[in-house]
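The following note is intended for a colleague who is meeting this structure for the first time. Please read the numbered points alongside the sequence and the model.

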Amino acid sequence: MNKFTPAKAAGARSVDDVTGSRRLRRMRKADWSRRLVQENRLSVDDLIWPIFVVEGRNVREPIAAMPGVFRLSVDLAVKEAERAAKLGIPALATFPNVDLGLRDQTGSHILDPENIINRATRAIKDAVPEIGIITDAALDPFTSHGHDGILRDGIIVNDETVEQVAAAAVIQAAAGADIIAPSDMMDGRIGGIRDALDANGFQDVAIMSYATKFASAFYGPYREAVGTAGLLKGDKKTYYMDHANSDEAVREAEQDIAEGADMLMVKPGLPYLDIIRRLKDEFQMPTFAYQVSGEYSMIKAADSNGWIDGEKAMLESLLAFKRAGCDGILTYFAPEVAVMLKG
Ligand code: PBG
């Protein structure tokens, strides 16, 4: 015999009594009503597409850890930029895989106006002037040790790195970059870059600060893409943020805004939605997330195993950034989602 009382005990209140007749399911009952009350939407205008460039002609190298992503020679990067512009993607972010022979202790090749990043910028701007180009001024693809800064006696030296990053930013701006996005997390880099850009007549070139970049395990596939995985010894904890911290993220962003950042970015993305929301509420700045390589590859891998619906997971993750307060998202899904949004 069941000794428990039935769910609806004598005298229990009805659901309408419990809820005061407020029923949130009413607006969820049909597709039309769900669409009507939807609070956030993803549009192609929210997308920034990170692409990888490599030496050569007609080169389209698959990146094993990033299914569907390729290293492109400049000629093919131009083709992809044309496709992106046609799809309505507002901007590209370029990252180089630099020949190993050109990498050194200080990342000096970043200062070569003819390096692959600057050639890619010029070629894309030439062919597709209507698309925005965002370049990273960090040293990691150019150093022989894969760190984002100049390494001396086991230490990433801050001020010397800032000088070099600022000089690189000027060269990138001269090549046609519209936004400089330094990802190195050195102290004072935003002010250093702003001063250098202004001193050289690039007042209109904007700075997207990787304001809060966390020391993260989610960058793994990117390091394969740019060829730093085998070079990097140790970790980046002396310059990237501790992923346990949130107040410090606010201080980092505050500092970058004071130094002249035009836009803020949080990186990685999905594990840091709380940081995005905090920064948006605190500063009301144009705020972006970088859905990084590991986030992309996890969705792709689970999809190819048949464990999740990759397309739905992609859209859900991107909309989550909007809900958290993002104005836009750097994502390797950009062309795929742009096609989908068009259809
Ligand atoms: C380094 C840099 C990283 C990424 C872009 N630039 C992180 C790193 O290698 O430590 C990560 C991008 C991604 O994972 O998609 N300046």
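This is a predicted model: local features need pLDDT of at least 70, side-chain atom pairs count only at pLDDT 80 or more; totals for chains, interfaces and linings use all residues.

1. N58 is exposed, because its relative accessible area is 60%, where exposed means over 50% relative accessible area, buried under 20%, and partly exposed in between (1.4 Å probe, protein chains only). The residue lies in the loop between strand 1 (47-54) and strand 2 (60-62); helices (H or I, at least four residues) and strands (E, at least two) are DSSP runs, numbered from the N terminus. Phi of N58 is near 55°, which is a positive value in a residue other than glycine.

2. Residues are numbered from 1 along each chain as its sequence is written, and side-chain values use heavy atoms, with hydrogens and water left out.

3. The protein chain has 343 residues, of which 53% count as buried. It contains 12 helices and 12 strands. Taken along the principal axes, its C-alpha atoms fill a box of roughly 80 × 40 × 40 Å.

4. S21 is not a glycine, yet it has a positive phi of about 65°. It is placed in the loop between helix 1 (15-19) and helix 2 (31-37). With a relative accessible area of 39%, S21 is partly exposed.

5. Another backbone feature deserves a check in the model. The peptide bond from K267 to P268 is cis, with omega near -10°. P268 is found in the loop between strand 10 (263-267) and helix 9 (273-283).

6. Which residues come nearest to the ligand? Of the 17 residues around it, these are S183, R223, K267, S293 and Y332; a residue is near a molecule if one of its heavy atoms lies within 4 Å of it. By class, the shell around the ligand has 8 nonpolar, 2 polar and 7 charged residues. For this count, Ala, Val, Leu, Ile, Met, Phe, Trp, Tyr, Cys and Pro are nonpolar, Asp, Glu, Lys and Arg are charged, and the others, Gly among them, are polar.

7. One of D140 is 2.7 Å from a nitrogen atom of the ligand. A polar side-chain atom of R223 lies 2.6 Å from a ligand oxygen atom, and one of S293 lies 2.7 Å from an oxygen atom of the ligand. Taken alone, the ligand exposes 400 Å², and the protein buries 100% of that; accessible areas come from the Shrake-Rupley method with a 1.4 Å probe.

8. Where does the ligand sit? Its place is in the largest cavity. A cavity is a set of points, on a 1 Å grid over the protein atoms alone, where a 1.4 Å probe fits but cannot get out. A molecule sits in a cavity if more than half of its atoms lie within 2 Å of the grid points.

9. A174 lies in helix 5 (residues 158-175) and has a relative accessible area of 56%, so it counts as exposed. A174 and N200 are 26 residues apart in sequence and 9.1 Å apart in space, C-alpha to C-alpha. D247 belongs to helix 8 (residues 247-259) and is exposed at 53%.

10. L151, in strand 6 (residues 150-152), counts as buried because its relative accessibility is 19%. Its C-alpha atom is 9.7 Å from that of G107, 44 residues apart in sequence. I179 is found in strand 8 (residues 179-180) and counts as buried at 15% relative accessibility.

Note on methods. A polar contact is a pair of N or O atoms within 3.5 Å; within protein, one must be able to donate a hydrogen and the other to accept it, and residues adjacent in sequence count only if both atoms are side-chain atoms. On a 1 Å grid over the protein atoms alone, a cavity is a set of points where a 1.4 Å probe fits but cannot get out, and a pocket is an open set with protein on both sides within 12 Å along at least five of seven lines; lining residues have an atom within 4 Å of a point.
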